[in-house]
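Here are some friendly notes to read alongside the coordinates. Please keep the viewer open as you go through the points.

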Amino acid sequence: MYEFIAFYVFAIATTILFLITVMSKNVLYAMSALAGGMVMISGFFFLLGADFLGVVQLIVYVGAVMALYAFAMMFFDATKDIKEKHQNPSLVFLLGGLMSLLFVVMFSAPIIGDNVQALYPVVENVGVVENVGNAQAVGMVLFTKYLIPFEVAALMLLVAMIAGIILAGKKMDYSLTKCEAIDEEMDIEAITENEKGEA
Amino acid sequence: MLEIGVNHYLILSGLLFSIGLMGVLRRKNLLMLFFATEVMLNAVNIAFTAIGNYYGDLSGQMFAFFIIAVAASEVAVGLGLLIVLYKKYGSLDLDVISSMKG
């Protein structure tokens, strides 16, 4: 009963917030609605027994990714409404509706084809300790079965960090202060050379 | 009716994914396109976790973790590119940015 109420509350809230994200003209409203929707999505993870994933969703998405978006919005004009020119809105809605129907059918298809076997069941595969929590089970699977993808993900995050630094800080090579300092040095050198020549 | 099964989660996930897809289709601003992409990634995370919970399998959660890692690095690189584009063109509108005629 509680799961029923919680699921529908989270589902309606998430759908409305994401619709605001997609339809809103203001960047600030869209970003706030996206952050709220991600908080609501972590509720689904807690409902599904994936406690660790819910916490990671809260920390990484709502904490880090949205903070990064908010930081990047300082470079753009966020208060102004976005003007978008749509050439054929009705065609977009028709195609979007058809695709929505198709995707909903595709996502619910595994219920009909009910013959998929679990590869790594939760407790049997780990098999070390009884009554382990979700965080322990995730740790045991992540550092045994999924160790190499984990390391590759770490490498990918490192590459992304370097790329972000290089892309966002590209103009830092020739800043104004550095040029002024060089100019002053050159002026001083010229003056001293002139004085030497006069002497 | 009061039982919440995996199909509830899958249908919700499909709805959220199609909301994100609609956003990707109709948005003209690059930052808004990024927001729509995040919506789609979150919808897929819900589907993975629900199916993993249904089969008693932790692989679904593992894939959701890796999707979160991919999303984080995508945002880092993508926002750097957006800043470079905004410095170059002064706008993030796709009609302004696009240089190919077609």
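**Notes on the model**

1. Let's begin with confidence. Chain B has an average pLDDT of 85, and 97% of its residues score at least 70. Please bear in mind that this is a predicted model. Its scores are ipTM 0.91 and pTM 0.79.

2. Chain A is built from eight helices and zero strands. Of its 199 residues, 20% count as buried. Looking at contacts in chain A with a separation of 6 or more, 48% come from residues 24 or more positions apart.

3. Now to the contact between the chains, to which chain A brings 68 residues and chain B 63 residues. On the chain A side, helix H1 (2-23), helix H2 (27-47), helix H3 (51-72), helix H4 (89-112), helix H6 (134-142) and helix H7 (147-168) of chain A each supply at least two residues. Sorted by class, that side of chain A has 54 nonpolar, 10 polar and four charged residues.

4. Helix H2(B) deserves a careful look. How far apart are its end C-alpha atoms? They are 37 Å apart, which agrees with the 36 Å that its 25 residues should span at 1.5 Å a residue. Just after H2(B), Gly56(B) adopts a positive phi of about 60°.

5. Is H2(B) largely enclosed or largely open? It is largely enclosed by the rest of the structure, because 18 of its 25 residues are buried.

6. The largest nonpolar core has 60 residues, and those touching the most other members are Met31(A), Leu16(B), Phe35(B), Val39(B) and Ile46(B). Two or more residues come from each of H1, H2, H3 and H6 of chain A, and from helix H1 (6-26), H2 and helix H3 (59-89) of chain B. H2(B) makes the greatest contribution to this core, giving 12 residues. In soluble globular proteins, nonpolar side chains tend to be buried together.

7. Which residues is Phe35(B) in contact with, leaving aside its neighbours within four places in sequence? They are Thr21(A), Ala30(A), Met31(A) and Leu34(A). Met31(A) is also listed with Phe35(B) among the residues that touch the most other members of the core.

Definitions and conventions
Residues numbered from 1 in each chain as written. Chains lettered and ligands numbered in written order. Predicted model: local features only at pLDDT ≥ 70, side-chain atom pairs only at ≥ 80, totals over all residues. pLDDT = per-residue confidence, 0-100. Contact = placed C-beta atoms within 7 Å. Helix = DSSP H or I, 4+ residues; strand = E, 2+ residues; numbered from the N terminus. Nonpolar A, V, L, I, M, F, W, Y, C, P; charged D, E, K, R; others polar. Expected span 1.5 Å × (residues − 1). Buried ≥ 20, exposed ≤ 12 C-beta atoms within 10 Å, placed from the backbone. Core = buried A, V, L, I, M, F, W, Y, C linked by C-beta atoms within 7 Å.
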